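The sequence and structure come before the details.

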Amino acid sequence: MENKKIDMKWCSGYCRQYWPEECAHILRIADDAVAQRFLFDLPWDMEQTVKAVTFEGKIDWRHMPEGDPEFIYQFNRHRYWICLGQAYALTGDGKYAGCFVNQLYSWLEDNPINQETKNTTWRTIEAGIRGENWVKAMEYFEDCPVVTRAVRERFLEGLRVHGEYLMDCRVPFSDKSNWGVLESHGLFAIGAYLMKCRGNASGAAAHDTAAHDTAATDAAAGLARRGEAYVAEAVLRLVRELDIQIMDDGVQWEQSPMYHNEVLRCLLEVLRVAGQQGISLPRSLPEKARAMALADLAWMKPDRTQPLNGDSDRTDLRDVFTPAAWILKDNRLRYAGYDRLDFESVWDLGADAALEYESMRSETPECLFHALEQSGNWCLRSGWDRNADYLHFKCGSLGGGHGHFDKLHVDLSIAGEDVLIDSGRYTYVDGSLRRQLKSSCAHNVPVVDWQEYTQCTGSWDVKGRTAPAGQDWSQKGPYTFLQGTHLGYLPAGVLVNRRI
């Protein structure tokens with residue numbers, strides 16, 4: 001698929017035929033954006049909201065409703081700009097392009113990089129996420145007359161600023177946090193897009209040699225060179241970050257399936273773009289993606305959602321398995337995905353991929369028991385259908401700030417119906433609810449005298465970290481035995497051990 005342009009008209013027809021509800025949802029988000037009304041309810045929005053925020057007149061990009069900074073972060077990731085692009089492809093209505101242009105100019109004018117904005121609109125994680133979202137959004141408007149040459153030049157300058165910022169913001173924290181992967185994948189997306197500038201400028205000159213603009217061609221060549229530097233640096237960072245963050249069992253160390261999947265989705269995006277543009281990548285990147293996807297497969301619940309351990313939401317995993325199956329050419333992942341390319345994957349991968357995916361063989365996984373021992377996750381099921389029994393046992397490290405106090409926790413489904421579940425995350429705002437949902441008493445774990453073995457000291461910080469121990473398992477005939485211990489209550493003279 002090297003440098004092959006996606007046929008947006010074909011994708012539009014495909015989505016209207018097979019994904020009408022998703023089309024309606026995207027059109028609603030796009031229409032809201034035109035009206036400057038913002039509600040974040042896409043499946044993978046990290047900071048979902050239930051109350052819409054509407055701006056009359058000028059948009060305040062640092063608006064913080066009810067004292068929740070997470071709104072600022074989600075708002076400034078500009079995921080809804082992709083929806084504007086998809087709405088334009090679905091309808092041909094120029095109002096969506098006009099909205100994109102107006103908001104692009106507004107944001108660039110109102111958000112210079114300074115010490116204040118580095119804590120709001122210019123956090124490095126948002127800069128990385130925008131790298132993907134801006135590039136994807138613009139690709140929908142490539143042939144739109146509303147997006148003039150001046151708009152494109154302003155857009156490219158904005159991308160360059162993002163690229164330079166991400167190049168200069170490298171800190172050791174990035175190596176171990178999902179932030180690093182989100183930043184690096186955005187740097188890669190920006191670099192890969194800028195690399196195409198040289199070819200686009202040459203193509204334009206070939207069609208209009210009389211009006212050949214040497215300065216513009218030189219500028220495009222300069223951007224392309226910067227793009228190559230961004231891509232090279234992003235790949236180096238990703239290799240290091242994933243070597244540190246992904247355990248031998250394929251699980252991202254922060255002990256939150258949602259952030260495991262944010263990292264995986266970023267990695268799949270890098271693989272997708274590299275494949276389409278013919279960019280060579282180290283073998284370790286697809287290997288890490290496969291390991292992470294197979295860990296997802298191991299702990300996937302019968303209803304195809306991720307377990308809610310740590311800071312996770314109840315999110316359907318099929319739109320992760322679907323692109324992973326096609327990109328990695330893995331029939332086991334094809335089994336766990338949709339019957340056809342999901343709504344987002346169609347736009348990203350195009351017609352040839354859609355047809356190839358439907359022809360892929362679906363291979364039901366053989367293994368019913370997975371011991372993800374490095375991360376402390378054991379998953380047992382009676383089968384792979386939606387009516388199967390399912391048990392997930394946790395006895396691993398806390399992870400990072402997204403981890404909960406859930407050592408010895410059990411998720412249980414019987415005949416596909418949830419019986420024992422995790423509380424999930426719900427909110428990041430520090431307070432009694434945040435601390436309660438992270439507590440051991442909010443999980444299916446043994447507690448001693450209703451005391452917490454670890455205490456929150458903030459939304460992300462804790463004291464009293466404790467080690468897991470005594471993890472063991474055995475299978476004989478139809479029987480499976482699981483066991484785990486933790487040392488949290490040793491100061492009280494109690495050693496807690498759970499056997500299943």
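## Largest cavity

Helix 4 contributes the most to the lining of the largest cavity, with three residues. Helices (H or I, at least four residues) and strands (E, at least two) are DSSP runs, numbered from the N terminus. The model is a predicted one, in which local features need pLDDT of at least 70 and side-chain atom pairs count only at pLDDT 80 or more, while totals for chains, interfaces and linings use all residues. Residues are numbered from 1 along each chain as its sequence is written, and side-chain values use heavy atoms, with hydrogens and water left out.

The largest cavity holds about 60 Å³ of space. Its lining consists of I29, L39, F40, D41, L42, D45, Q74, R79, Y80 and C83. By class, six of these lining residues are nonpolar, one is polar and three are charged. Here Ala, Val, Leu, Ile, Met, Phe, Trp, Tyr, Cys and Pro count as nonpolar, Asp, Glu, Lys and Arg as charged, and the others, Gly among them, as polar. The count of cavities of 30 Å³ or more is five. On a 1 Å grid over the protein atoms alone, a cavity is a set of points where a 1.4 Å probe fits but cannot get out, and a pocket is an open set with protein on both sides within 12 Å along at least five of seven lines; lining residues have an atom within 4 Å of a point. Grid points are joined across faces, edges and corners, and a volume is the space filled by probe spheres set on the points.

## Second largest pocket

The second largest pocket has a volume of about 950 Å³. Its lining comprises 40 residues, and W44, R79, R265, D319 and E344 lie nearest the centre. The lining divides into 18 nonpolar, six polar and 16 charged residues.

Helix 11 gives the most to this lining, with six residues. The helices that each supply at least two residues to it include helix 2 (20–34), helix 4 (79–91), helix 9 (178–207) and helix 11 (257–277).

E262 is in helix 11 and is buried, with a relative accessible area of 5%. Buried means under 20% relative accessible area, exposed over 50%, and partly exposed in between (1.4 Å probe, protein chains only). Leaving out residues up to four places away in sequence, E262 touches W44 and M46, where contact means heavy atoms within 4.5 Å. E262 and M46 are 216 residues apart in sequence, yet their C-alpha atoms are 8.9 Å apart in space.

D175 belongs to helix 8 (residues 173–176). D175 is also buried, at a relative accessible area of 10%. Not counting residues up to four places away in sequence, D175 touches R170, R240, E241, I244 and Q245.

## Cysteines

A search of the whole structure finds zero disulfides, a disulfide being a pair of cysteine sulfur atoms within 2.5 Å. For C23, which is in no disulfide, the nearest cysteine sulfur is that of C15, 5.2 Å away. C23 is buried at 3% relative accessibility.

C266 is in no disulfide either, and the nearest cysteine sulfur, that of C169, is 17 Å away. C266 counts as buried at 4% relative accessibility.

## Loop residues

E363 is in the loop between helix 16 (351–359) and strand 3 (369–372), and is partly exposed at 30% relative accessibility. Not counting residues up to four places away in sequence, E363 touches N331, R332 and Y335. The C-alpha atoms of E363 and V462 are separated by 43 Å, with the two residues 99 apart along the chain.

Most residues other than glycine have a negative phi. Q36, in the loop between helix 2 and strand 1 (37–38), has a positive phi of about 60° although it is not a glycine. A415 has a positive phi near 55° and lies in the loop between strand 6 (410–414) and strand 7 (417–420). A415 is partly exposed, at 45% relative accessibility.

## Confidence

The chain averages a pLDDT of 94, and 96% of the residues score at least 70; pLDDT is the predictor's confidence in each residue, from 0 to 100. Over residues 202–208 pLDDT stays under 50, and the model has one contact beyond four places in sequence for them. Where pLDDT is low, the predicted coordinates should not be read in detail.
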